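Subject: Structure for you, with notes on its salt bridges

Hi there,

Here is the structure I promised to pass on. Please have a look at it first, and then read my notes below.

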Amino acid sequence: SVEEAAELFELSILQGGCLDPDMPLERFLDELSCDTRWTHAIFLREHLSHWYEVGGHDHEKAAFHLARAQALLQGLVQTPRFSGECCLKVSSSIFWVYGVPQGIGHSL
């Protein structure tokens with residue numbers, strides 16, 4: 001299910017070592033694909049929030065998944081790849097395409 005996939009991506013962030021703020025960028029991106037783990041977890045949580053709000057009419061579950069997505073996004077901007085000035089204004093994964101912030105006005 002989508003919920004299980006979201007949980008597995010979150011678990012892979014923890015178990016894969018993607019929380020290490022001192023991790024070299026090459027390891028973060030190339031060896032561990034941490035950017036993919038983070039962004040997929042966020043996208044899935046936001047998708048679930050939308051689905052429960054609009055399709056499932058379960059506001060409690062929608063709020064839970066949105067809170068998880070926001071917490072993940074806050075974690076993502078603490079990582080080596082996204083901790084710079086480029087990403088401080090990002091408040092939703094809608095600004096992200098393939099792990100790169102869009103429309104922020106800064107380059108990485």
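The notes that follow are about salt bridges.

Please keep in mind that this is a predicted model. Searching the whole structure turned up 3 salt bridges.

Let me begin with Glu10. Its side chain meets that of Arg45 in a salt bridge, at 2.6 Å from N to O. Glu10 belongs to helix α1 (residues 2–15) and Arg45 to helix α3 (residues 34–55), so this pair ties together parts that lie 35 residues apart in sequence. Both ends are out of the way: Glu10 is buried, at a relative accessible area of 12%, and Arg45 is buried too, at 4%.

Glu10 also forms a salt bridge with Arg68, where the closest N and O atoms are 2.4 Å apart. This pair again links distant parts of the chain, since Arg68 sits in helix α4 (residues 59–76), 58 residues from Glu10 in helix α1. Arg68 counts as partly exposed, with 27% relative accessibility.

The remaining pair is Arg27 and Glu31, whose closest N and O atoms are 2.9 Å apart. Both are in helix α2 (residues 25–31); because they are 4 residues apart there, about one helical turn separates them. Arg27 is partly exposed at 37% relative accessibility, while Glu31 is exposed at 52%.

To put the Glu10 pairs together: through shared partners, the salt bridges join Glu10, Arg45 and Arg68 into one network.

Enjoy exploring it!

Best wishes

Conventions
Residues are numbered from 1 along each chain as its sequence is written. This is a predicted model: local features need pLDDT of at least 70, side-chain atom pairs count only at pLDDT 80 or more; totals for chains, interfaces and linings use all residues. Side-chain values use heavy atoms; hydrogens and water are left out. A salt bridge is a side-chain nitrogen of Lys or Arg within 4 Å of a carboxyl oxygen of Asp or Glu. Helices (H or I, at least four residues) and strands (E, at least two) are DSSP runs, numbered from the N terminus. Buried means under 20% relative accessible area, exposed over 50%, partly exposed in between (1.4 Å probe, protein chains only).
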